[in-house]
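Please look over the sequence and the 3D view before reading on.

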Amino acid sequence: MATQTALITGASSGIGRELANCFAQDKYNLVLVALEPDLLNQAASEIRQQYGVEVTTITKDLFKRDAPFEVYNEIKAKGTQIDVLVNDAGQGQYGTFDTTDINRELDIIQLNIGAYVVFAKLYLQEFKARNEGKILFVGSIAGELPGPLQAVYHGTKAFVNSFVESIQEENKDSNVTITNLLPGITKTDFFNKAHMTQAKNVAEGQGMEAADVAKEGYKALMKGESRHIAGVMNNVQVGFSKVMPDPLVAAQVHQQSKPVDGDESAR
């Protein structure tokens, strides 16, 4: 069988980086997209050395509206066929909504929603034309829960969950598989970028290892699952949220996310 290629966004660290390992282990060639060239090149070098696969890197700021189109056109210009799309890149911002930076939040909306939608549309059209291909969305259990102190991030992930369910239904009779991976708190650089390291549930060291989340997500994608919540406790939390009144869930998430120093304003 001809070697297949996976495109992974947010691939320089965290879940995206670990997913790159999963694909490389199965001898997929990779196109890795991220903002930090040093981390991206280091990841590519390590993967080539360990797994012997081809790795192409594209440094791109997916906060910018045109960036996903530029990535797509660059890949097309090289004549590379993408067989699996992994939408992973995402960021958040910690603090009460009245104190957070609106421009950063608009960037986050573009990254967490806009880039996902553009990549999904462009590659879904390609995959449908070939009647094959796989798409993995890295969503979040945040999309299932209200998110005091991360209102915009939770809102973007709620969009992703709804969006994925809609396009899954539209494409259920094709050979294209679309999987939504929903991690909970994961030990990555996400919380540093979100200025959230002082949140109680982060400071206490809660969360799964990124490699474990990636392995679960990769397995779910390859089995053709439509949705996979990573980790037993995350499944329990989402299950309870379905039977508890929303205001109670919001209050519970708020308590878990409160900063250890008591100052909820953005940092």
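Which residues in H1 are buried? They are Gly14, Ile15, Gly16, Arg17, Leu19, Ala20, Asn21, Cys22, Phe23 and Ala24.

## Basis of the model

This is a predicted model, in which local features need pLDDT of at least 70 and side-chain atom pairs count only at pLDDT 80 or more, while totals for chains, interfaces and linings use all residues. Residues are numbered from 1 along each chain as its sequence is written, and side-chain values use heavy atoms, with hydrogens and water left out.

## Helix H1

Helix H1 covers residues 14–25. Helices (H or I, at least four residues) and strands (E, at least two) are DSSP runs, numbered from the N terminus. From its first C-alpha to its last, H1 reaches 17 Å, close to the 16 Å expected at 1.5 Å a residue; the expected span is 1.5 Å times one less than the number of residues.

H1 is mostly covered, with ten of its twelve residues buried. Buried means under 20% relative accessible area, exposed means over 50%, and partly exposed lies in between (1.4 Å probe, protein chains only). Just after H1, Lys27 takes a positive phi of about 70°.

## Nonpolar cores

In soluble globular proteins, nonpolar side chains tend to be buried together. A nonpolar core here is a set of buried Ala, Val, Leu, Ile, Met, Phe, Trp, Tyr and Cys residues joined through side-chain atoms within 4.5 Å. The largest such core has 62 residues, and those with the most contacts inside it are Leu7, Phe23, Leu30, Leu32, Ile47, Tyr123 and Phe137. Helix H4 (residues 102–130) gives the most to this core, with ten residues.

Contact means heavy atoms within 4.5 Å. Not counting residues up to four places away in sequence, Tyr123 touches Leu7, Tyr72, Ile75, Ile82 and Leu85.

Tyr94 sits in the loop between strand S4 (84–87) and H4. Tyr94 counts as buried because its relative accessible area is 1%. Beyond four places in sequence, Tyr94 touches Thr100, Leu149, Gln150, Ala194, His195, Met196, Ala199, Ser257, Lys258, Pro259, Ala266 and Arg267. The C-alpha atoms of Tyr94 and Glu264 are 8.4 Å apart in space, although the two residues are 170 residues apart in sequence.

Gln150 lies in the loop between strand S5 (134–138) and helix H5 (151–170). Its relative accessibility is 7%, so Gln150 is buried. Leaving aside neighbours within four places in sequence, Gln150 is in contact with Gly92, Gln93, Tyr94, Gly95, Phe190 and Met196. Between the C-alpha atoms of Gln150 and Ser257, 107 residues apart along the chain, the separation is 8.8 Å. Tyr153 is found in helix H5 and is buried, because its relative accessibility is 11%. With residues up to four places away in sequence left out, Tyr153 touches Gln91, Gly92, Asn112, Ser140, Ala142 and Phe190.

## Other loop residues

Most residues other than glycine have a negative phi, and most peptide bonds are trans. Asn131, in the loop between H4 and S5, has a positive phi near 55°. Asn131 is partly exposed because its relative accessible area is 36%. Leu149 also has a positive phi, of about 80°, and lies in the loop between S5 and H5. At 5% relative accessibility, Leu149 is buried.

Lys60 is in the loop between strand S3 (55–59) and helix H3 (67–77). Lys60 has a relative accessible area of 19%, so this residue counts as buried. Outside four places in sequence, Lys60 touches Val33, Ala34, Leu35, Ala67, Glu70 and Val71. Lys60 and Thr9 are 51 residues apart in sequence and 9.6 Å apart, C-alpha to C-alpha.

## The second largest pocket

On a 1 Å grid over the protein atoms alone, a cavity is a set of points where a 1.4 Å probe fits but cannot get out; a pocket is an open set with protein on both sides within 12 Å along at least five of seven lines, and lining residues have an atom within 4 Å of a point. Grid points are joined across faces, edges and corners, and a volume is the space filled by probe spheres set on the points. The second largest pocket holds about 150 Å³ of space.

Its lining consists of Gln168, Asn171, Lys172, Ser174, Val176, Thr177, Ile178, Gly224, Glu225 and Ser226. By class, two of the lining residues are nonpolar, six polar and two charged. Ala, Val, Leu, Ile, Met, Phe, Trp, Tyr, Cys and Pro count as nonpolar, Asp, Glu, Lys and Arg as charged, and the others, Gly among them, as polar.
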